[in-house]
Amino acid sequence: IRSENETLHREVWREIATSLRVLRIARQSEITNDKLRSSQVKMIVGDSGEVELTDNGVKFWLDVTKVMFSSGNVTERHRIGDIDMSGEIVVDAFSGIGYYTLPMLVRSNAKHVYACELNPNSIDALRKGAELNAVSDRLSIIEGDNQITLQGLTDIADRVHLGILPSSENTWSLAIDCLKQSGGIIHIHTNVREKEIYSFVEYCLEHLNHYAGQRDFNTVQLQHVEKVKWYAPHIRHIVIDVSIS
């Protein structure tokens, strides 16, 4: 319709919005392949892409035309929020708009979270989300490339969260360096073929053992493997929880 009549195209979508009793409609699209994982959502009806939503007691804010919201990770957000982190210092190496940062502050009761993020639009959304949940005083946003910023967070964390796909492997050693001398927990997100999950877990533990030895840790122990969702045919998004001491 648009190619033949732009006015009719707009009228059709306005009628759809009226029927659905909504003021705004946006067209979803794949996120870009750039380092910022930018949104490519386009508004069809209405101008603003700003959204506030509540998930399991946690409030999020974002502009859907600027950043993405990972709705498929809902079960993992809930699982992380169910972990008692009272008194813990947490480093979230890929915080985004706060998919896991905010549940850790609001529901897990983390003492303080250092949230690393590169995308200015995601940082803006994270700040607003923290304000909505009244947790800004327990959040430090570390802006920039985490290959650099994580080096300034050594020996402070009880827990490190590596929530990036398809792989967070380039931050494994940095994550171990963030742990306190007493050790802690690392949550590693990755994509892996279903039939290769447990061989990849062994690969992960082997490399973590190597990095841990450089910090004089002597115990690397698998706690849990969570199958979050199907990412693609035969490809699973999993989270590997590892205890290091």
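Reader: Leaving aside its neighbours within four places in sequence, which residues is V45 in contact with?

Author: In this predicted model, V45 is found in strand β2, which covers residues 42-45. Its relative accessible area is 11%, and because buried means under 20%, V45 counts as buried. Once neighbours within four places in sequence are set aside, the residues in contact with V45 are W13, R14, A17, L23, R24 and I25.

Reader: How many Å apart in space are V45 and G152, C-alpha to C-alpha?

Author: Along the sequence, V45 and G152 are 107 residues apart. In space, taken from C-alpha to C-alpha, the separation of V45 and G152 is 44 Å.

Reader: What are the dimensions of the box that the C-alpha atoms of the chain fill?

Author: The chain has 245 residues, of which buried residues make up 46%, and it holds seven helices and 11 strands. Taken along the principal axes, the box filled by its C-alpha atoms is roughly 70 × 45 × 30 Å.

Reader: Among contacts in the chain between residues at least 6 apart in sequence, what percentage join residues at least 24 apart?

Author: The contacts considered here are those between residues at least 6 apart in sequence. Of these contacts, the share that joins residues at least 24 apart is 63%.

Reader: Is S140 buried, partly exposed or exposed?

Author: S140 has its place in strand β7, residues 139-143, and, not counting residues up to four places away in sequence, it touches H112, V113, Y114 and A115. The relative accessible area of S140 is 22%, and since buried means under 20% and exposed means over 50%, S140 is partly exposed.

Reader: Why can the buried residues of α7 be said to line one face of the helix?

Author: Helix α7 runs over residues 197-214 and reaches 26 Å from its first C-alpha to its last, close to the 26 Å expected at 1.5 Å a residue. Its buried residues are I197, F200, V201, C204, L205, L208 and A212. Seen down the axis of α7, these buried residues line one face of the helix because they fall within an arc of 140°.

Reader: Which elements do the buried residues of α4 pack against?

Author: Helix α4 has 13 residues and reaches 19 Å from its first C-alpha to its last, close to the 18 Å expected at 1.5 Å a residue. The buried residues of α4 are S122, I123, A125, L126, G129 and A130. Seen down the axis of α4, they fall within an arc of 160°, so they line one face of the helix. The elements that these buried residues pack against are β4 (58-63), α3 (101-106), β6 (112-117) and β7.

Reader: What is the phi of A134 near?

Author: A134 lies in the loop between α4 and β7, and at 64% relative accessibility it counts as exposed. Most residues other than glycine have a negative phi. A134, a residue other than glycine, has a positive phi, near 55°.

Reader: Where is H234, which has a positive phi although it is not a glycine?

Author: The positive phi of H234 is about 70°. With a relative accessible area of 55%, H234 is exposed. The place of H234 is in the loop between β10 and β11.

Reader: Is the peptide bond from L165 to P166 cis or trans?

Author: P166 is found in the loop between β8 (159-162) and α6. Most peptide bonds are trans. The bond from L165 to P166, however, has omega near 5°, and it is cis.

Reader: How many Å apart are the mean positions of the positive and negative charges of the chain?

Author: The chain has 26 positive and 33 negative charges. The distance between the mean positions of the two sets is 4 Å.

Notes:
Residues numbered from 1 in each chain as written. Predicted model: local features only at pLDDT ≥ 70, side-chain atom pairs only at ≥ 80, totals over all residues. Heavy atoms only, no water. Helix = DSSP H or I, 4+ residues; strand = E, 2+ residues; numbered from the N terminus. Expected span 1.5 Å × (residues − 1). Buried < 20%, exposed > 50% of the residue type's maximum accessible area, 1.4 Å probe, protein only. Arc of directions from axis to C-beta. Contact = heavy atoms within 4.5 Å. Lys, Arg positive; Asp, Glu negative; His and termini not counted. Charge placed at Lys NZ, Arg CZ, Asp CG, Glu CD.
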